[in-house]
Amino acid sequence: MGSAAPKDHVYDDAGVLSVTSLRQLRSQLTGIELATGKTVDVVTIRKLSVQPDPYDFADTILSRW
């Protein structure tokens with residue numbers, strides 16, 4: 001795995017999130033990370049490529065980052 005996750009918690013590849021939604025999500029996800037030490041990321045994609053294995057799908061998403 002050559003790619004690291006982005007520093008931002010939200011990757012809106014589909015372009016469906018408003019500026020306000022992006023700001024709120026980033027704030028809430030950063031709050032979760034600070035409170036728990038766990039990272040949660042949100043990804044929207046334009047087109048779902050059919051990959052039956054969730055790990056392969058996740059690798060495909062991470063490689064786009």
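1. Tyrosine 11 is found in strand 1, where helices (H or I, at least four residues) and strands (E, at least two) are DSSP runs, numbered from the N terminus. Its relative accessible area of 24% makes tyrosine 11 partly exposed, since buried means under 20%, exposed means over 50%, and partly exposed lies in between, with a 1.4 Å probe and protein chains only. Although tyrosine 11 and aspartate 41 are 30 residues apart in sequence, their C-alpha atoms are 7.8 Å apart in space.

2. Before going on, please keep in mind that this is a predicted model, in which local features need pLDDT of at least 70 and side-chain atom pairs count only at pLDDT 80 or more, while totals for chains, interfaces and linings use all residues. Residues are numbered from 1 along each chain as its sequence is written, and side-chain values use heavy atoms, with hydrogens and water left out.

3. How many salt bridges are there, if a salt bridge is a side-chain nitrogen of Lys or Arg within 4 Å of a carboxyl oxygen of Asp or Glu? The count comes to two salt bridges. In one of them, the side chains of aspartate 8 and arginine 26 meet at 2.8 Å, N to O. This pair links distant parts of the chain, with aspartate 8 in the segment before strand 1 (10-12) and arginine 26 in helix 1 (residues 19-36), 18 residues apart. Aspartate 8 counts as partly exposed at 30% relative accessibility, and arginine 26 counts as partly exposed at 33%.

4. A salt bridge is also formed by the side chains of arginine 46 and aspartate 13, at 3.0 Å, N to O. Here too the pair links distant parts of the chain, 33 residues apart: arginine 46 is in the loop between strand 2 (42-44) and helix 2 (54-64), and aspartate 13 is in the loop between strand 1 and helix 1. Arginine 46 is exposed, with a relative accessible area of 66%, whereas aspartate 13 is buried, with 19%.

5. Is histidine 9 buried or exposed? Histidine 9, which is found in the segment before strand 1, is buried, because its relative accessible area is 9%. Its side chain is joined to that of aspartate 41 by a polar contact of 3.1 Å, a polar contact being a pair of N or O atoms within 3.5 Å where, within protein, one must be able to donate a hydrogen and the other to accept it, and where residues adjacent in sequence count only if both atoms are side-chain atoms. Not counting residues up to four places away in sequence, histidine 9 touches several residues, including Leu29, Glu33 and Val42, contact meaning heavy atoms within 4.5 Å.

6. In strand 2 lies valine 43, which is partly exposed with a relative accessible area of 33%. The C-alpha atoms of valine 43 and histidine 9 are separated by 8.4 Å, although the two residues are 34 residues apart along the chain. Threonine 44 also lies in strand 2 and counts as buried at 15% relative accessibility. The side chain of threonine 44 reaches the backbone nitrogen of alanine 14 at 3.3 Å, and among the residues that threonine 44 touches, leaving out those up to four places away in sequence, are Tyr11, Asp13 and Leu17.

7. A length check can be made on helix 1, whose 18 residues should span 26 Å at 1.5 Å a residue, and its end C-alpha atoms are 26 Å apart, which agrees; the expected span is 1.5 Å times one less than the number of residues. Helix 1 is followed by glycine 37, whose phi is positive, near 80 degrees.
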